[in-house]
Structure formats: C-alpha cells, structure tokens
Number of protein chains: 2
Amino acid sequence: MFVKELSGMHTLSEENYLKAIYRLSQDEGVKITPTAIAESLRNNPASVVDMIRKLTDKQLIAYDKKSGVSLTPQGLKSAVLIVRRHRLWEVFLLEKLGYHWDEIHDIAEELEHINDTTLADRLDKFLGFPEYDPHGDPIPKANGKMAKAYSVTLADMKTGTNCRVAAVRDTSSAFLQYLLKLDIGIGTTITLVEKISFDNSLVISINGAANTTVSQKFGENILVE
Amino acid sequence: MFVKELSGMHTLSEENYLKAIYRLSQDEGVKITPTAIAESLRNNPASVVDMIRKLTDKQLIAYDKKSGVSLTPQGLKSAVLIVRRHRLWEVFLLEKLGYHWDEIHDIAEELEHINDTTLADRLDKFLGFPEYDPHGDPIPKANGKMAKAYSVTLADMKTGTNCRVAAVRDTSSAFLQYLLKLDIGIGTTITLVEKISFDNSLVISINGAANTTVSQKFGENILVE
DNA sequence: AAATAAAATTAGGTTTGTCTAATTTTATTT
DNA sequence: AAATAAAATTAGACAAACCTAATTTTATTT
C-alpha cells in the first residue's frame, strides 16, 4: 500500500509508539528506555526493540543507549498531532454527544488515528478552539503550541491550603468514576485539612463539605492550581 | 487480544468484507461470488476464499457454491451497523465540519469502524436523526430499518420527462466533482431532452438551463425520483 | 461431447507486529 | 572487584491478511 509511504502517514502501531514516547517525555529528566515503553504499551520489550529500529529508520525517533529514546522534530510533530486529535475528540464526545468524562478516553483512542489534512482543524473550529480537554490536559494548537500542562498535585499542597482541581493525571474510568462519586470534577475546590504522616493519606474537604480521606496515590493523580 | 473475541467485535478486514458483501447483496438477483467480492475490495480471489472460510466459521456469512455468499442474520446486523455509522459520519462531516460531498467518503470509511455501544445512537441524535446521507443513501435506524433506497436511474427515464436527483450511486470524488462542475446536487431538477441511440448518451437540461450531454455511464450513476 | 475459457481453490510465500526463550550487556550489590 | 540482578538484544515463532502461481472445478463455446 503505497499510501503508507507518504510523509506523515504512519501505521496504527507506529502512532501508538509515538504517543507513548511523547507521554513518557513529559516526565522531564526521566530516561525513556525500551522497558518503560513496553510497560506503557503493555507489551514486550523485545517488540519495542523492533519498533525502535523501525522508527529510527523512519527518522521519527533517536535512540542513544546513554540518554534513551527521544523524538526527532518530525516525530514530535506527529506525536503532538495525535495528541491534538485525541483531546479534540474528547471535547467533542463530552460536549456534543453527551458522554461522561469516564467514557471518552477509549473512544478518543480510536478516533485520534483518523488522519485527514483538515479534519483536526475543522473539528477544532467546530468546538470553538478549546484550550483544555475534559481531563484538564492542554490541547495542542494547529501550530503545535499549547498551554503549559498543570504539574502540581494535590499531594504536593501544604496542609491548610485551598486549591482548584485543574486536571487529572489518570484517565482510567475506575479513577474517574471514583471522582464522580466523591463529587470532584475540573473546577472543584479542595481544602487539604491534614496529611497523615503514617502513609501520606490526605484528609480533604471537597467544596467545603465534610472531611474525606483519600490515599497518597489518589492525591498524586489530581493536578491543582 | 481477547477483546476481539467479544460478540459484535470484528477486525477491520472482517468489517470491510461484511460491508462489501452487504453492498453486493443490494443488487438483487445477482450471485455474490468470490471474484465479485475480490473486485469490490480490489484484492485477490485467493484472499477472499480465506476470508470466506473465516467469516463462515464465525457464522457471519453462509457460502453455497450454487447460490453464492450471503449474510447470516448476525452478519447482516453487523453490516447494517457499519453502514449506519458510515452514513451518519458523512452527515456529520458535511453538516458540522463543512466538508464538501466529494471529500467525506474516505474519511467516513475510517470513522465507520469505530465501535462503541452508544456512539452511533448518540451521533444520530446529535444530527437530528437524518433519514438520508449527503449522497442520498438511506441511513439505517438503530433497529436496522431504513427508508427504501432509490433505484431508478436517470438513464431509465423516458425522454421528455422531468425528475429530481435523489441520490448518487458512485461516490468517488472524481464523479462528485464532475457533478459539482455541472451544478448537479441532491434535489436538482433534470429534464431528459433526448437519448442518443448510437451510444445511449443523454441530452439533459439541468434546472432548466441550456442542454448538456452526458454519457450512459453517467446517467446510470444518478438516482432519481 | 469435446475444447476452451473462466472461476474457485490450494499451496506456499510475504509483511507487520507481536510473542517466548536464550543470550549478552549494563547496573547494582555485596 | 566479583557476584548478582536487571535490562537490552537476538533468534526464532506465530497469527492475520494479503500475495503469486499452479491446479482443479465449473461454465461456455464450438
């Protein structure tokens, strides 16, 4: 299929690797190893090594044993476009089709691979050029630029301070449904009442309501501002 | 990937075969042979034979040397759902994203494979439950029922009669762009002025304008009422 | 009916992306 | 530094979906 040879055209697998590598590259200072990629994609390091070779040949990534895997400018461009499409489709599914935020990730995971020169831009326009997706992640613009991602977590907060939920790190429906049950969404105000030093559990007040206790892991998956 | 084993889940290829068989089954009285399927999918009869075995094992089609390939009730249900999704997405692309009708087929060809229990129904609702897609093909309802497809072509008309363009058979951008140039769309009124007996060319008047001559093949790809 | 043409099928390959098991390289402990 | 553990890599398989070439079956002519 000669179509696949056209610049900017990648297989489904290639796109998923680029996305995984992009995601891993967001944790600054962390080396991107074959094992890390394999864990991220829930596949085998041996498979990753094969794909690293393929993507290196295609000049989408670079691999240096010392510094690990990195995206080339071309690979970054492709990865950001996939992320752009993913996040735009999430907005569409939530705002236009009425899905809840715990249902959209997996569908967007498929929609993001649909490739057409103008589709993302048309969708962006149709949605009114949203800045953030329903999970609080910034949506890359057509030129690749985007607002800075939130990085301070609820677990990083000082006891006694207030914050606004800005984004969620984990987008699994298990986590999002838990948030729904706790009545936490983007924009919710949380007060950190106490940190339990034994296991770093967090005692919080959601929108000024009675106190609730959540785990450290929970706190690390809520991004605040 | 155990996910693929769930009922109603088919591979991309399987879905394309089901769709092709469904399309061929619309020409009533025509036997669906491996060669016909291969032509429709532009692939090799040997490949088709492999897939016929696979789909037969999965009880999605039945194959009888005398009568050819047919969809089982289960296969029909899957095929109709794919067609439903395709046509709904076409409406979306045209009406919401502003594409022209010659650009939407190929994109819908990808979107149609996205499978989620409620996606098609939500999209249907969002679009206002359209009856026909932008090419005039009826959109199957959630229950599988749909308006009858148009079947009379411009070439079938009697000389001197008027008709309204109801649908197009060929959805290739080459054909659709030609129609755009001729100023023909769904709803256009055409008068059949004369049939040239030599090669069945058609002399027509579009929306009452000056006469134009088109080929027999052209006329056979315009469905009218 | 025999000859020919067309269609269907089988046999054996190829590519993509995955896997397991074995091996080699690198990193971490002791 | 040697021993051990972990990570990376290679080697060899496999499934899906396709292919070509050869063969068999079916249909059409003469």
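The paragraphs below go through the domains, a hairpin, the chain contacts and the DNA surface of a predicted model. Local features need pLDDT of at least 70 and side-chain atom pairs count only at pLDDT 80 or more, while totals for chains, interfaces and linings use all residues. Residues are numbered from 1 along each chain as its sequence is written, and chains are lettered from A and ligands numbered from 1 in the order in which they are written.

Chain A is assigned domain 1 (2-71) and domain 2 (154-224), with bounds from an automatic or database domain assignment. Taken over C-alpha atoms, the centres of these two domains of chain A are 33 Å apart.

In chain B, strands β1 (61-64) and β2 (68-71) pair in the antiparallel sense over four bridges; pairing requires that DSSP find at least two bridges between the strands. Three residues lie between β1(B) and β2(B) in this hairpin, and B:Y63 stands opposite B:V69 of β2(B).

Between the chains, 12 residues of chain A are in contact with 12 residues of chain B (C-beta atoms, placed from the backbone, within 7 Å). On the side of chain A that touches chain B, two or more residues each come from α5 (104-111) and α6 (119-126) of chain A. The most come from α6(A), with four residues.

DNA strand C is surrounded by 18 residues, each with its C-beta atom, placed from the backbone, within 6 Å of the strand. The closest are A:T11, A:N44, A:A46, B:T33 and B:T35. Elements giving two or more residues to this surface are α1 (12-25) and α3 (45-57) of chain A, and α2 (34-41) and α3 (45-57) of chain B. With five residues, α3(A) gives the most.

Conventions
Contact = placed C-beta atoms within 7 Å.
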